[in-house]
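This briefing concerns a predicted model. The points that follow are grouped by topic.

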Amino acid sequence: MTRLVCPFCGPRHLREFEFHKTLPAPGAGEFASVYERVDSLELSVEHWQHVGGCRGWLLVRRNPSTGAVLDCRLVGGGGAA
Amino acid sequence: MTPRRGTRVGPDAVRFSFDGRTLHGQVGDTAASALLAAGVRRVGRSVKYRRLRGVMTAGPEEPNALFTVGTAPAVIPNVPAPQLELREGMVLRSQNRWPSLEFDVASLLQAGGGFFGAGFYYKTFIWPSWRTYESLIRSLAGLGEAPGACNIGPVAVEHLGCDVLVAGGGAAGLAAARAATRAGARVVLCERDPVCGGELEFEGGTVDGRAGGAWAETVVAELRAAGARVLTGTTLVGGSGGEMIAHAEPGGLAGANAVYKISPRAFVIAMGAVERPIAFVDNDLPGVMLLGAAERYLARYGARAGRDVVLFASHDRVYASAARLAAGGMRVRAIVDARQPDEIGAADLRDALGRDGTECLAGHAVLAASGGRAVSGARIAPLAAPRQARTVPCDAILVSGGWTPALHAGVQEGGARLYDPRSGGFVAGEQPEWRLLAGAANGQFELGPALADGVAAGMRAARIAGRQPLTDPPPDGRGDAAPRGRAFWRSPASSAEEKRQFVDPQNDVTVADLRASLAEGFVDIEHVKRYTALGFGTDQGRIGGLLGAAVLAEIRGRPLEDVGTSRLRPPFHPVSMRSLAGWRVGAALRPARRTPLHDWHVEHGAVLESMGLWMRPRFYRANGDDAFAAGIAEARRVRDSGGIADGSTLGKIEVAGPDAAAFLDRLYLSKASSIRVGRSKYMVNLREDGMVLDDGIVLRLAPDRYIATTSSGHGPHMLSHFEHYRDTDWSGRAVTVTDVTEAWAAIVVAGPRSRDALRGVLGAEWEASLARLRHMDFATGRFGGRELTVLRASFSGELAFELHCRPAIARPLWEALVAAGLPPYGLEALDILRVEKGYLTTAEINGQTTPFDLGMEGLVGLGNDCIGRGLLERPAFREASRPGLVGLRAADGKARFLAGAQLTDRAAGSRPLGYVTSSVYSPACREWIGLALVPRSHAAAGALLLARDPLREGDVEVRVTPAVHFDPGAERMKS
Amino acid sequence: MTRAAVSSGFTLEPQTAGRTLEFAAFGFPLGGAFVVGWPAAPGAVRYEADDQPALLHFAPARWLVPQPHPDIEALLQAAVDAGAGIVVDVEGKWQPLLLRGPGAKRVLATAVDIESALHERACAALTLFDCPSIVAACAGGYSLWVRASYAADFIAAVERLGA
């Protein structure tokens, strides 16, 4: 049920996007930010890349229980332009 | 198509064959309707007990009538006959029988000792071992036979974008599609049948005062006129990531399959409901059919399920059905209603049926179907007194245990199902906003409310898609009253008889099997499924799944909602492999990336090798018959005089902007900012955890402009890596990252003659540059009017240059070099040359090695604060147990050892210490040499180890050497 | 192997690749330097007088310049001078192709949901038959730029669809 809407390209099929990682907790130290992940049923904050499209890096906030995407924006440059 | 209630119209025009018999059907028939009309009652045998079976349903959930279509080798097995449109000359064969349907040898096995229940084979054939029997049993098991040869036909794949997708073209689906279309939404409607209408066609109801079928035709015309896509004969089979997939598979090879991938903004599921069977003894005999199927065959095809029929149900709608069957010329002998008299409505209809000679029995059940090879009667008894049974003669028993909403598309991707006491089944739980259920799929079984539900869903879907629907009153639908029934699952039976009460006919699962499963401790519904096969097969449990769960609930004394049903998974109905493949067939399976020199390589006898998606020359046939011989010849020639290789597959990333130098300093272990313009440096990237990620040469073109090269295999990944840091840690800085891999072809020119040959090829204007270039310098200029960069760098240990040129001049430049006496060499030679020099590839940079492991302490010592630098300082990375890169040679100077061999010390039974990462036969050293990763404690030069390779080379004694096998002082490279 | 003739009435013509640039701006959203003359919206395209796509905003802060006309070069140079971004010469990276005819859309629909991808956009970066590509609407069909190393297989995949 995960549907990603690329802020640049619009809605595209999930196969165009590549999951990179779940982000560590804010303020995590160097070791923790490499090895520790926030594992929450309600909210997962993730980096994805739209490799099959504009190649933009995306900051995705997702409910991992339902797959629902709460927010998807370009990591480096805000939301939909 | 207009209904043809009770009559066969037109000439019997379509000729087909069934098990070698020539038969005729009508235009518009399915294989199932044509066989019924032709009086063929036995259409297959069951998968395990080899029991004779007849057509049971009128939809894709058909468990029995599965045919093999076509003639070898172009055959398709397991096609459900009710979904198979009849075509002239179609060749059909029944399944699960040998030598013939009427006489089957394997069925005799069953006749001898009664039925072999679930688990029988695995428990019985254990001596001396299951394997003794496996091939025989497997030859008897399974559904139809797989075709012996490729039967891939044309498949047309189409991606459709739309606002609203409606799955199901019955009353609710049509109402939803019309409401959404009228709101201005772009609509796609999928209907699995050749025509829309669903139950409307034969229910006898009216919509807005018109016959249901006629209303459906009007709506379809309106939809098409408004630009909606109405896809008939097309079943929605599943989906993911918001893309739903619908297949049109006519079944035969004559028609082209179509696959639609539909990405809607809102999705209305109006796929109706599936009628349920009731378990009674021998309820799988040919002649036992679902009531709704019999109605459909009569109304749509004029084919009668029987002449004298008994109806068995537990809801009010059975009486309206009976009246329609009677009007179609079938004699309804009895209606057996399992409910008590005070639960039953439809008094007027019952009175009228009674006057016409139909016996209406309340509180009764059909205990058994009687007959040898087909139904000849129904044993009927009061539920209160099962022993007072009598037999009513008939040739068909039409069963309806109620309806289960077809909510597959709503729960296949996960999602709750809720028990619905009204229907006795499950409905979908909470859905994401964009997915809506309507009509019978939503538990609305009555025409009027189903239409209203459809309109509401269509309007909501349009709104989700950003349209403003008008308030449109729902059509006025008048049809059968709500079924108003009570779920009734099975008739009383003795425990011996339970072996013949079929719950899931496709998998021959009986009530006795369910009891056995519980007795064996397989209690959860998913375990019961695996133990008994309940719910597997082409019908995916649509016939037997819920009935099986209900019987389990009864046996366990638990409510059905606690037992649940097994998970509904895609595909909704069988999908051919060719549809799954779509356009990805043969060479299109995955693309190949070609360098600008690809055609030259092919024209000149190169044997190509895949490296990721890239195609690269492995060796050239002119230099030897096989890779081993040619590789040695090519490598030797590079050291003796010179050669050229195609390096265009190297990844190239242009990093530009005022912050480029600082950005690259973060990405590499050593500093890019200290490279002077016109110089390059061998550089290494680390992962965040300190492991080496990749290596390559970084060229500084200008103060604010670099080109970073990556290994060929890592190119796409390194690009993502660069882009990631540009967008995260470095967002807002003035730096850009551009993939220029294809913008620069690369030709490696190596060997003692390389500089002289280049002088001749590049001409006088390059003379000074070539003379000036020191190791890792580069010069830029032009050749043939296009840009050319000449970099002096070596991956062979020889005096060598990399020519980075625009693709347009790659071939002329290459040909000029060949003409100047530099022959090409491939990957085999490249590997030999680099192993001789101890240079690294992904065999050593494998994601598990640190710069310390690979002998790069010097780079770490520079103290650049790059990605991965912090975690590289962990003490464990300095321990003696960490691997270190070493060279290897056979202790006897002769033996061969191969990459992958495990290295141990020489004591028997010792554990692996490390392994051989690379090995080649070195023409320069005249023996096998290798690189290996072994603990530093064992890495001293001269140490003896065993290279153990039991499946290939056996044990070879090897000696640790320095990693650089040839020219350790690098004199040749500096010459 | 049977061919799947999904479409007729299309032609696919490889074009000669000339000088080709990519312009990359420093950061996204875009700064004030991209107001006049720049197709700044995602997927926007500036067409030249001959209806040829000349400046394609195919990725965040990144434009393809297929055949730089003098006025486009001037526009790029002004942005570079303003310190807003940088030009990269990518000659050889993209293979231009023209896909035209009544069946052209159906060809692309075999690979992707082309209608949605170009919904309210003039160009899009896509994966067509597994090949990284840029598509722009043009007179009579589509201008395509396919990554050059994939071009041969892209052409083969499209030709396989023809009758």
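Which residue in β43(B) is the bridge partner of B:Ala746? The partner is B:His804.

- Strand β43 covers residues 800-805 of chain B, and six of its six residues are buried, so the strand is largely enclosed by the rest of the structure.
- In a regular strand, side chains alternate between the two faces of the sheet.
- On one side of β43(B), B:Ala800, B:Glu802 and B:His804 are all buried.
- B:His804 is the bridge partner in β43(B) of B:Thr789, as it is of B:Ala746.

- Strand β14 (residues 243-248) of chain B is mostly covered, with five of its six residues buried.
- Strand β13 (residues 235-240) of chain B runs antiparallel to β14(B), and five bridges join the two.
- Within this pairing, B:Gly239 has B:Met244 of β14(B) as its bridge partner.
- β13(B) and β14(B) form a hairpin with two residues between the strands, where B:Gly241 takes a positive phi near 55°.
- β14(B) is also joined by five bridges to strand β15 (residues 257-269) of chain B, again in an antiparallel arrangement.
- In that pairing, B:Ala246 stands opposite B:Tyr260 of β15(B).

**A parallel sheet in chain B**

- Strands of a sheet pair through backbone hydrogen bonds, either parallel or antiparallel.
- Five strands of chain B make up an open sheet with parallel pairing, in the order β17-β24-β18-β19-β20.
- Its edge strands are β17 (288-290) and β20 (359-362) of chain B, each of which pairs on one side only.
- From one strand to the next, the twist averages 20°.
- Three bridges connect β17(B) with strand β24 (residues 396-400) of chain B in the parallel sense.
- Here B:Met289 has B:Leu398 of β24(B) as its bridge partner.

**Overall form of chain C**

- Chain C contains four helices and ten strands.
- Read from the N terminus, its elements follow the order β-β-β-β-β-α-β-β-α-α-β-β-β-α.
- The radius of gyration of chain C is 16 Å, close to the 15 Å that the globule rule gives for 163 residues, so the chain is as compact as a globular protein of that length.
- The C-alpha trace of chain C spans about 55 × 30 × 30 Å along its principal axes.
- Of the 163 residues in chain C, 59% count as buried.
- Among contacts in chain C with a separation of 6 or more, 67% involve residues 24 or more positions apart.

**Contact between chains A and C**

- Chain A has 15 residues in contact with 14 residues of chain C.
- The side of chain A that touches chain C comprises six nonpolar, seven polar and two charged residues.

Definitions and conventions: Residues are numbered from 1 along each chain as its sequence is written. Chains are lettered from A and ligands numbered from 1 in the order in which they are written. This is a predicted model: local features need pLDDT of at least 70, side-chain atom pairs count only at pLDDT 80 or more; totals for chains, interfaces and linings use all residues. Two strands pair if DSSP finds at least two bridges between them. Axes are lines fitted to C-alpha atoms, for helices over the stretch in contact, and angles run from 0 to 180 degrees between N-to-C directions. A residue is buried if 20 or more other C-beta atoms lie within 10 Å of its own, exposed if 12 or fewer, and partly exposed in between; C-beta atoms are placed from the backbone. The radius of gyration is taken over C-alpha atoms; the globule rule is 2.2 Å times the number of residues to the power 0.38. Two residues are in contact if their C-beta atoms, placed from the backbone, lie within 7 Å. Ala, Val, Leu, Ile, Met, Phe, Trp, Tyr, Cys and Pro count as nonpolar, Asp, Glu, Lys and Arg as charged, and the others, Gly among them, as polar.
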